[in-house]
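Open the model in your viewer and keep the selection tool at hand. The stops below say what to select and what is there.

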Amino acid sequence: MPSAVQPHFKHPKNEEAIRLVCSLLAEQFGERFTMGKALREQHAHTTTGLQNEMPDGVVFAQSTEDVSKIVALCNEHSVPVIAFGSGSSLEGQLNAPYGGISVDLSGMNAILEVCAEDLNCTVQAGVTRKQLNDYLRDTGLFFPIDPGADATLGGMAATRASGTNAVRYGTMKDNVLSLKAVMADGTIIETASKAKKSSAGYDLTRLLVGSEGTLGIITEVSLKLSGIPQAISGGICGFPDLESACNAVIMTIQCGIPVARIELLDSLQVKAVNLHSKLGLEERPTLLVEFHGTDSGVAEQAELFADIIEEFGGSDFEWATKPEDRTRLWTARHEAYWATFSLRPGAKSISSDACVPISQLAECVRETQKDIEVTGFLAPIVGHVGDGNFHVQLLLDPENPDEHAAADAFLGRLAERAIAMGGTCTGEHGVGQGKIKYMAQEFGPALSYMIAIKEVFDPKNIMNPGKILPEHG
């Protein structure tokens with residue numbers, strides 16, 4: 001039994017074993033295996049400040065059996081394996097610090113089954129959320145988790161993704177019924193049935209959801225689906241300051257108003273969105289909201305929300321009832337990451353997130369904004385504030401090491417601030433490489449049990465080594 005937090009072993013890079021595995025993969029997979037530098041760089045790219053660490057080869061898998069063969073071969077020779085979906089993760093999850101093989105699952109993009117009567121479906125890991133919702137369009141159902149990027153559903157499960165709809169529909173952990181996965185020795189497992197509930201055995205589904213490929217590679221996902229609402233209504237309103245906007249969100253959630261989406265943009269983020277998406281919004285703290293339900297239910301929710309925002313100084317509340325108007329607003333929100341580059345052309349971006357209990361949201365955002373002002377960063381704040389989650393995007397000079405050092409210190413304070421308030425260093429970006437240093441502070445002795453699980457599931461430490469957990473040796 002673990003008695004204290006002890007880092008587990010690193011994976012030593014074995015160049016000879018890697019060369020042998022690459023040779024064998026080339027024989028088995030032909031043109032579906034590559035060692036080309038451009039593709040290797042692409043499969044290790046990172047939107048953080050972390051260095052790009054390429055794998056030694058990339059295999060394009062087409063089936064669970066392909067993945068099993070690749071992992072079994074790598075396990076035999078103790079060569080690392082890193083799963084790749086669409087490449088939209090944000091904390092260095094795709095990097096290969098000890099070399100190894102990247103397994104690209106994007107070609108595994110078949111929708112295997114939709115059971116409309118049971119409100120579920122089963123898809124291969126490479127299916128993207130937009131692809132699935134396009135397929136479901138005529139069924140009256142949709143998959144609600146929306147992280148912004150058109151991520152693969154296998155990748156979304158692996159990183160326990162969230163997004164704008166999470167305040168109503170939950171995160172990936174709430175919407176995955178079962179997984180098919182390839183474990184470290186190549187064994188293929190299914191973690192659960194498709195029943196809506198079960199009291200049988202350990203919950204391997206929830207263990208693999210959020211494991212970032214460190215315990216196994218997810219190849220199929222069975223998902224809960226939701227009915228498309230009869231009525232959808234969206235709105236936008238401005239506030240005199242960020243704290244007032246946060247307090248309006250807190251009151252909305254505490255009053256039990258079933259808002260589907262409620263997003264915060266600070267003044268700087270609104271400026272960026274205006275420049276990028278040509279919206280012409282007033283540059284002040286702004287909330288975007290959306291309600292789902294019946295015509296009467298949505299109207300009642302909107303009326304209650306309007307009363308709350310008035311109490312906190314919100315004004316110019318405008319409804320976007322036409323689908324095209326709502327789409328324009330939410331498209332601008334989803335493009336917020338790219339929009340920020342218009343504020344400082346040529347800058348490098350480091351995006352980080354934190355999540356706190358809703359009662360701590362206003363204080364955490366206020367303290368973070370003060371920190372930004374003191375340090376002098378150009379750093380918009382945007383967030384899925386209905387569940388206490390917000391993002392900070394730092395715009396840095398890529399050639400200025402002092403800025404990057406100051407950014408690291410700022411991000412440390414942000415993570416520690418959130419943890420001290422009873423929250424987490426990451427609400428939805430995941431841990432990857434970038435947030436390993438905060439894991440002991442967040443989990444204490446519980447981290448030892450995570451390390452013990454990793455060492456049992458993956459005794460050779462080949463599954464995405466160097467991610468989530470601290471290492472030694």
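A residue is called buried at under 20% relative accessible area, exposed at over 50%, and partly exposed in between, using a 1.4 Å probe and protein chains only. Helices (H or I, at least four residues) and strands (E, at least two) are DSSP runs, numbered from the N terminus. This is a predicted model, in which local features need pLDDT of at least 70 and side-chain atom pairs count only at pLDDT 80 or more, while totals for chains, interfaces and linings use all residues. Residues are numbered from 1 along each chain as its sequence is written, and side-chain values use heavy atoms, with hydrogens and water left out.

**Stop 1: helix α14**

Select residues 361-375, which form α14. Leu361, Ala362, Cys364, Val365, Thr368, Asp371 and Ile372 are buried here. Their cover includes α9 (242-254), β18 (381-384), β19 (389-396) and α15 (401-420); contact means heavy atoms within 4.5 Å. How far apart are the end C-alpha atoms of α14? They are 21 Å apart, which agrees with the 21 Å that 15 residues should span at 1.5 Å a residue. The expected span is 1.5 Å times one less than the number of residues. Just after α14, select Gly376, which takes a positive phi of about 80°.

**Stop 2: Arg261**

Move to strand β14 (residues 259-265) and pick Arg261. Is Arg261 buried or exposed? Arg261 counts as buried because its relative accessibility is 9%. Show its side chain: there are polar contacts with the side chain of Asp146 (3.5 Å) and with that of Thr164 (3.1 Å). A polar contact is a pair of N or O atoms within 3.5 Å; within protein, one must be able to donate a hydrogen and the other to accept it, and residues adjacent in sequence count only if both atoms are side-chain atoms.

**Stop 3**

Select the open sheet of five strands, in the order β6-β7-β11-β9-β10, with antiparallel pairing. Two strands pair if DSSP finds at least two bridges between them. The edge strands, β6 and β10 (188-190), each pair on one side only. Three bridges join β9 (residues 176-183) to β10, and Ala181 stands opposite Ile189 in β10.
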